[in-house]
Amino acid sequence: MNELSVIPVPAEVYPEPGVVFKLRPDAVIRSDSPSVGAYLADRLRPPTGYALPLAQGPGHGIELLLADAPAGEEEYTLEATAERVTVRARTDAGLFYGVQTLLQLLPSTVEASTVQDGPWTVPGGRIADRPRYAYRAAMLDVSRHFFGVEVLERFVDRLSRYKINVLHLHLSDDQGWRIAVNAWPRLATVGGASQVGGGPGGHYSQEQYAGLVAYAAARHVTLVPEIDMPGHVNAALSAYPELNADGAAPPPYTGVDVGFSTLSVGKEVTYRFARDVLEEIAALTPGPYLHIGGDEAQSTTPEDYVEFMARVQPMVTAAGKTVIGWHQIGPAAREPGRIAQYWGSTDEPDADIRAAIAQGDRVLLSPANRVYLDMKYTPDTPIGLDWAGHVTVRTAYEWNPATLLPGDPDVIGVEAPLWTETVSTPDDIDLLTFPRLPAVAELAWSPQPSRDWPGFRARLAVHGPRWTLLGIAFFESPEIPWQ
Ligand code: TNX
C-alpha cells in the first residue's frame, strides 16, 4: 500500500510490501450489510465481468463485517491479504466508507461501465480510518438555476465517493422556489417557474424529493433542505400577494442581485406561511437539520430580523429539527443546538459570527475565499464569480478548520457551497466541483497532520482518469500533475 492514491487520505496506513490481493473470477462478496454488499457488487460487476455473488462463508473474495469492529460511528478498518480483503465497521456507514477506500485501491478502470482487462489488484496491508469531522458537506443552489433529480442523484453519487455525508440544497431564493408545498401550492407552480436569465425553472414534487432522500440515504448522504428567510424571498412574494407589505405581488426575478426582498415581519400571515412550509419540509426530512437561511436580509431592519427569528426558529424545534442558519443569525436569540454556518473570509471574522460563538452556537465552516465552489479558479475560468477572490485547488486545500475562528467554537465540519448564478449546465457543475470538492472532502475527513499539499496533489493526479471514465467534465488545473 505504498502507492496509495486514496482521497481523503486515511488516518493510518500500514503497507505489507510484497503482498497483493488479486480478485479472481470466482470471488464472492460476504457482507453483514445487505445494502453495502449490493452497492459494492453493483460497482464491481460491470468493469470486472465477474458474477461476484453475495454469499455466506469466507471463500476467496471480499468480506464486509460488522463484527470485531472499531468503535467509532463512521470508523472502519480494511485489511488486504493475498487471499481476501476484509472491511470491518460498527455501522453500515463505516462499511460504506471502507468500500469507497477499497474501490480507490483498485485500478482506475474499475470506474468503467463495460468489462475491462484486469488484473484487479489491491496492495496488501492494513488501513485504520475514521473522520475528523462528523459533518462533511457540499451545497447546491437549485434556485438560481434549476437542476432535475437525475442531476442531483449524480451529484450525490459523486460526493459519496469522497466520504461526503451531507448535501445541503438551497431550495428557495429570489429567482425560484423549488419544492412543492401542499398548503401553499403556488410557491412551486408560480414561484418555481423562473430562474436566472429567464429560463423555465422548475420544482421537485414531494414524491421526487422523497426519492432523492432515499437515493442519498443509500449512499450515507443526509439531505439538509434550506428555505431562505426573511430575505431572498422574491419567488414566494411573487406567488402570494398577501405575503407582501403592500399586498401586491412583484414580478418574477431573473437577475443576480441580492438583498432586495423581505417577508413582512409585522404580518401574521408571514408566520402561518413559515410554519406550514417548515412543517411540510420537516416531514420530508429524516435528517436532523433544517436550514432557514437568514443571510443578506438587507431589506429587513435589524430589529425586525431578530423578532422574525425569535418566532421562526422555535417552529423548527417544534418540528423536531435542529436550526442551521447562515452566520448572520448570530445576534438572534438561539434555539438549543443551533448551528451557524460561517461564510465570511478567513481574514477577519465579523460581529455576527462572534455573536453566534459567544452564544454557544456550533459552527459549520464555509469560508468563501477557501471553499466557495462558485469562485473562479483563476481570472480565465469561463464561469464563476470572484467577489471572494480566486480559489485555486491549493487555496481550497491548504488551511486548518480548527484554527480559523477565535473563541474556541465547537466546529462540526466543513461545507463547500456551489451557488449557481453563473452555473446552468451539469458540465458547469463538474467544472467548478472537481477537483476542489475532493480537496474539501480531505480537509473534513483526514487528520490535519496526515495531509499536505505535495501529497494531495500527487494523489489527486491519479483521480483524473477515473473522472474521465465517469464522464466528469473536471477542471484540468495546471496545479496538478495529471496522469
Ligand atoms: C452570497 S453566501 C450569498 C448568495 C450568493 C453568493 C454568491 C450567502 C449566504 N449568500 O446569495 O449566491 O454569495 O457567491
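Two strands count as paired if DSSP finds at least two bridges between them. In this predicted model, strand E4, residues 76-80, meets that condition with strand E5: the two run antiparallel and share five bridges. One of the bridge pairs sets Ala80 against Val85 in E5. The chain passes from E4 to E5 by a hairpin of three residues.

E5, which covers residues 84-89, also pairs with strand E3, residues 61-65. Here the sense is parallel, and there are five bridges. Leu65 is found opposite Arg88 of E5.

Next comes helix H1, made of the 15 residues 34-48.

Which residues of H1 are buried? They are Val36, Gly37, Tyr39, Leu40, Leu44, Pro47 and Thr48. These residues lie on the same side of H1, because they cover an arc of only 160° around the axis. The face turned away from that buried side carries Pro34 and Asp42, which are exposed.

What do the buried residues of H1 pack against? Their partners are strand E2 (28-31), strand E3 and helix H2 (92-105). After H1 comes Gly49, with a positive phi near 75°.

Technical notes: Residues numbered from 1 in each chain as written. Predicted model: local features only at pLDDT ≥ 70, side-chain atom pairs only at ≥ 80, totals over all residues. Helix = DSSP H or I, 4+ residues; strand = E, 2+ residues; numbered from the N terminus. Expected span 1.5 Å × (residues − 1). Buried ≥ 20, exposed ≤ 12 C-beta atoms within 10 Å, placed from the backbone. Arc of directions from axis to C-beta. Contact = placed C-beta atoms within 7 Å.
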